Amino acid sequence: MIATPDRTPLPRGFFDRPVLDVAPDLLGRLLVRTTPDGPIALRLTEVEAYDGPNDPGSHAYRGRTARNDVMFGPPGHVYVYFTYGMWHCMNLVCGPEGTARAVLLRAGEIVEGAELARKRRLSARNDKELAKGPARLATALGVDRALDGTDACTTEETPLRMLAGTPVPPDQVRSGPRTGVAGDGGIHPWRYWVANDPTVSPYRAHVPRRRSS
């Protein structure tokens, strides 16, 4: 028998912990996106941890900027960035305010509102692909820079909220290098995913971008 996911909002204290504790603990949790057309709920199946100034792979490694400002704010808020001139990606800020730690939400299973997600992800071949990858996840949920800084811990009705869901047992959590992270940041096994889950994205090592001659 499958247990009904707990829809209690995650408290701020859940995120006010070391990023390497928060990241694997997010697996199985529910992310709810409220839209004018109805809610979309996603069960997280893959995430990556970014350890702020200690992590060459982090947007905050070289300090605070207008782009990454939310990372330095209170835990439990949403950090959204725009990448490659075409995609948005969504993170959850964690750790004490000012430390700039965050968890990138890489993939998940749409468990409610799939019909709404399908309208945004017309290229998905099936529902398992709707949020299989960080840009696909943000697209399926309709997340963009307008939602940067959203408080995901509030009990009020906000565009994005994190609920307790059903945590994944530790023996079902896997870890390995982060996707596409180069240099010293590429050695950390800070990508976490649910074992054998079909919504998890494939691992891809960093490939240097070629400059046109």
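**Note on the predicted structure**

1. A nonpolar surface patch of about 380 Å² is formed by Tyr84, Met86 and Trp87. Such a patch joins nonpolar side chains (Val, Leu, Ile, Met, Phe, Trp, Tyr) within 5 Å, taken from residues with over 30% relative accessible area and no salt bridge; areas come from the Shrake-Rupley method with a 1.4 Å probe, and only the protein chains shown count as cover for residues. Met86 lies in the loop between strand 4 (78-83) and strand 5 (87-94). Strands are DSSP runs (E, at least two residues), numbered from the N terminus.

2. The model is predicted: local features need pLDDT of at least 70 and side-chain atom pairs count only at pLDDT 80 or more, while totals for chains, interfaces and linings use all residues. Residues are numbered from 1 along each chain as its sequence is written, and side-chain values use heavy atoms, with hydrogens and water left out.

3. The largest nonpolar core has 44 residues. A nonpolar core is a set of buried Ala, Val, Leu, Ile, Met, Phe, Trp, Tyr and Cys residues joined through side-chain atoms within 4.5 Å; buried means under 20% relative accessible area, exposed over 50%, and partly exposed in between. The residues with the most contacts inside this core are Phe15, Leu26, Leu92, Val103, Leu105, Ile110 and Met162. Its largest share, 5 residues, comes from strand 3 (residues 38-50). Apart from this core lies another, of 13 residues, which includes Ala60, Met71, Val93 and Ala102.

4. Leaving aside neighbours within four places in sequence, Leu92 is in contact (heavy atoms within 4.5 Å) with residues including Phe15, Leu26, His77, Val103 and Met162.

5. The count of salt bridges comes to 16, each being a side-chain nitrogen of Lys or Arg within 4 Å of a carboxyl oxygen of Asp or Glu. In one of them, the closest N and O atoms of Glu48 and Arg106 are 3.9 Å apart. This pair links distant parts of the chain, with Glu48 in strand 3 and Arg106 in strand 6 (residues 101-112), 58 residues apart. Both Glu48 and Arg106 are buried. Glu46, Glu48, Arg106 and Arg191 are linked in a network of salt bridges.

6. Arg178 and Asp55 also form a salt bridge, with their closest N and O atoms 2.6 Å apart. Arg178 is in the loop between strand 8 (173-176) and strand 9 (191-194), and Asp55 is in the loop between strand 3 and strand 4, 123 residues apart. Arg178 is buried, at a relative accessible area of 0%, and Asp55 is buried, at 0%.

Key. Patch = residues over 30% accessible without salt bridge, like charges linked within 9 Å, V, L, I, M, F, W, Y side chains within 5 Å. Helix = DSSP H or I, 4+ residues; strand = E, 2+ residues; numbered from the N terminus. Buried < 20%, exposed > 50% of the residue type's maximum accessible area, 1.4 Å probe, protein only.
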